[in-house]
Amino acid sequence: MSDNENIDDIPVDHPKSAPEDRAVAGPLDESEANPVRPYVDLGGVKVLPREGLHLRLEVEEGTKRVVAIGLDYAKSTLQVQPFAAPRTSGLWHEIRAQIAEQIARQGGTTTVRDGAFGPELLAQIPVAAVDGQPGHMRLARFIGVDGPRWFLRGVIAGEAAVEPDAAAQVEDLFRSIVVVRGSTPMPPRDLIPLRMPAASPGTPNA
């Protein structure tokens, strides 16, 4: 929260949801990040390269627009998406309820629990049968952090959804992400534009 805002400006029905140390420990706003660190610039987010990290861009077929960043790390996957948000109120409480409804319509289940970033959804999502293999349930964790004028959503799958050591590594990766909101006016919930990184020696394997 900046100095010119106070708690009275935040509507009680949609408070921001973020760790108390977010502005120091992340996920960071661009204004809070160390400008000399060797981030990979993906437009709306910046990612700090680390050993064993593989980066994927998730692209919408029709528009060829980058709609999410996929990070493979610690035998897990972390999908991240940055969204525009109001300055004083948060989106995560509302979006979390919508995710739970969507998964329930698919025949899955969700449980709200207190996680490293505040409330998170632990979801069991049905996976359809393919090539004679029986259908099964996939476990995923939906996490979210409300920052200054942005909201960062993460989906964790693989070992980090169930195994504490892997979870700690992927949570640290999520903390290291920098969100670049920019100054362009955007409606709340609009995806902050993402793009291919410029080729550089420090870019992790795509």
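Helices (H or I, at least four residues) and strands (E, at least two) are DSSP runs, numbered from the N terminus. The views show a predicted model, in which local features need pLDDT of at least 70 and side-chain atom pairs count only at pLDDT 80 or more, while totals for chains, interfaces and linings use all residues. Residues are numbered from 1 along each chain as its sequence is written, and side-chain values use heavy atoms, with hydrogens and water left out.

**View A. The cis peptide bond at P27.** P27 lies in the loop between α1 (22-25) and β1 (28-29). The peptide bond that joins G26 and P27 is cis, with omega of about -5°. Most residues other than glycine have a negative phi, and most peptide bonds are trans.

**View B. The open sheet.** Seven strands form an open sheet in the order β4-β5-β6-β10-β9-β8-β7, with antiparallel pairing; two strands pair if DSSP finds at least two bridges between them. The edge strands, β4 and β7 (109-115), each pair on one side only. On average, neighbouring strands of this sheet are turned by 25° against each other, direction ignored. Axes here are lines fitted to C-alpha atoms, for helices over the stretch in contact, and angles run from 0 to 180 degrees between N-to-C directions.

**View C. The hairpin of β4 and β5.** Strands β4 (residues 54-59) and β5 (residues 66-73) run antiparallel and are joined by six bridges. L55 stands opposite L71 in β5. Six residues lie between the strands of this hairpin. In the loop between β4 and β5 is K64, whose phi is near 60°, a positive value in a residue other than glycine. K64 is exposed, with a relative accessible area of 63%. The classes are buried, under 20% relative accessible area, exposed, over 50%, and partly exposed in between (1.4 Å probe, protein chains only). A74, in the loop between β5 and β6, also has a positive phi, near 55°. A74 counts as buried, at 19% relative accessibility.

**View D. Helices on the sheet.** Helix α2 (residues 92-105) lies across β7, β8, β9 (136-147) and β10 (150-158), and runs at about 20° to β8. Helix α3 (residues 164-175) packs on the sheet and touches β5, β6 (76-84), β9 and β10. The direction of α3 makes about 30° with that of β6. Contact means heavy atoms within 4.5 Å.

**View E. The largest nonpolar core.** A nonpolar core is a set of buried Ala, Val, Leu, Ile, Met, Phe, Trp, Tyr and Cys residues joined through side-chain atoms within 4.5 Å. The largest has 28 residues, of which I69, L71, L78, L152, F174 and I177 touch the most other members. Two or more residues each come from β3 (45-47), β5, β6, β9, β10 and α3. Not counting residues up to four places away in sequence, I177 touches P27, L28, V45, K46, L71, L78, V80 and L152. Another core, of 17 residues, lies apart from the largest one and includes A85, I95, F151 and V155.
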